[in-house]
Amino acid sequence: MEKFKSKIHRDYSKFLPFSYFSSYIYLDFAAFTFEIRGENEIVWQDLIFPHDFPSIFLPKHKEIWTNCSIALATKNDIENIKKEKIEILVKKPMGAEYFYKTKDFTQPQGALKNKINRFTNNYKFRLKTKYNKNEVLKFYDFWKKQRKHESLTLDESEEFFQFCLSSLGKYGIRQVYVEVDDRLAGFAWGIKHRDNWIGLHLKVDYQYKGLSRFLHSERAKLFSDTKEFTLGTGASDSGIESYKKELGPSREEEYFYLLTGGK
């Protein structure tokens, strides 16, 4: 088994569905690859059971579906496994991934527009597309102190943040920063993925009402030529799940952890 490197292994991931977790930047951060039964499989290390390396998505070839663990299996995947008469030993809900229409954020309406206006009408601000990395790190530390609770995936999220920060140019991460009174008040990053994009980190100073929605809109404008984007899952955090649902996803993809047996 070796670390996934998109420069070397990108062909292995071409069949994966459009997802936050199939982007090159996330695979480079979290994935590994190895050959099984003549096929190159993409796996990640389980957060709860670190000795387990499930396939991230359902393997392409049916020959690998038996005696297999899958981290993000869809309802459609489950039906296809059942059609092959393969036993499902474990089926555990893993939450949903949230997908949105880009135009809903570049041309906001209703509650979203009202929250954006709440920020733009009440604060004098300045937008930037680059920022000093040390200042971004200081702001990230400030953002963490605002949080009222820890989450299961916070450590991984922080590691991924550091990975992205050190690779802004390497992956062509598009950035937007907001200053209020000449101080950084929030930022949002995104990256192109196939014909669409994914929203990476978005962090704000909570005192500025409407700022997070404003940043969602400004970031979406950087990808105005696309139809759809994803913000990933709720990361097993009820607060994050509620927030992403409130943003109005156009669709949700429910995931399950599966452990299969034989036929």
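Hello everyone, and thanks for coming. A word on the ground rules before the tour. Residues are numbered from 1 along each chain as its sequence is written, and side-chain values use heavy atoms, with hydrogens and water left out. Because the model is predicted, local features need pLDDT of at least 70 and side-chain atom pairs count only at pLDDT 80 or more, while totals for chains, interfaces and linings use all residues.

Let's start with the aromatics. Rings of Phe, Tyr and Trp (its six-membered ring) pair if their centres lie within 6.5 Å; planes under 30 degrees apart count as stacked, over 60 as edge-to-face, and the rest as tilted. How many aromatic pairs does that rule give? The count is 34. Take F139 and F142 as an example: their ring centres are 5.8 Å apart and their planes meet at 45°, so this pair is tilted. Both belong to helix α6 (residues 133-146), and being three residues apart there puts about one helical turn between F139 and F142. Helices here are DSSP runs of H or I with at least four residues, strands are runs of E with at least two, and both are numbered from the N terminus.

F139 is buried at 6%, whereas F142 is partly exposed at 36%. Ring pairs also join F139 and F142 to a cluster with Y131, Y140, W143, F161, Y177, F187 and W189.

On to salt bridges, meaning a side-chain nitrogen of Lys or Arg within 4 Å of a carboxyl oxygen of Asp or Glu. The whole structure has 13 of them.

K128 and E179 meet with N and O 3.3 Å apart. This pair links distant parts of the chain, with K128 in strand β6 (residues 125-128) and E179 in strand β7 (residues 174-180), 51 residues apart. K128 is partly exposed at 32%, while E179 is buried at 6%. K128 and E179 also belong to a salt-bridge network with R126 and D182.

Next, K144 bridges to E158, with the closest N and O atoms 3.0 Å apart. K144 lies in helix α6 and E158 in helix α7 (residues 154-165), so the bridge ties together parts that are 14 residues apart in sequence. K144 is partly exposed at 26%, and E158 is partly exposed at 22%.

Then there is R213 with E246, at 2.7 Å from N to O. R213 is in helix α8 (residues 211-221) and E246 is in helix α9 (residues 238-246), 33 residues away. R213 counts as buried at 12%; E246, at 48%, is partly exposed.

While we're on α8, why is it described as largely enclosed by the rest of the structure? Because ten of its eleven residues are buried. Among them are L211, R213, F214, L215 and H216.

Now a charge without a salt bridge. Counting Lys and Arg as positive and Asp and Glu as negative, and leaving out His and the chain ends, D28 is buried and its nearest side chain of opposite charge, K170, is 5.2 Å away. D28 is in helix α2 (residues 24-30). What does its side chain meet in a polar contact? Y171, at 2.6 Å. A polar contact is a pair of N or O atoms within 3.5 Å; within protein, one must be able to donate a hydrogen and the other to accept it, and residues adjacent in sequence count only if both atoms are side-chain atoms. Beyond four places in sequence, D28 is in contact (heavy atoms within 4.5 Å) with K3, F4, K5, S6, F163 and Y171.

Last stop: G186, in strand β8 (residues 183-193), buried at 0%. Leaving out residues up to four places away in sequence, G186 touches F139, V176, Y177, V178, K203, V204, L211 and L215. G172 is 14 residues from G186 in sequence, and their C-alpha atoms are 20 Å apart.

That's the tour, thank you!

How values were computed. Buried < 20%, exposed > 50% of the residue type's maximum accessible area, 1.4 Å probe, protein only.
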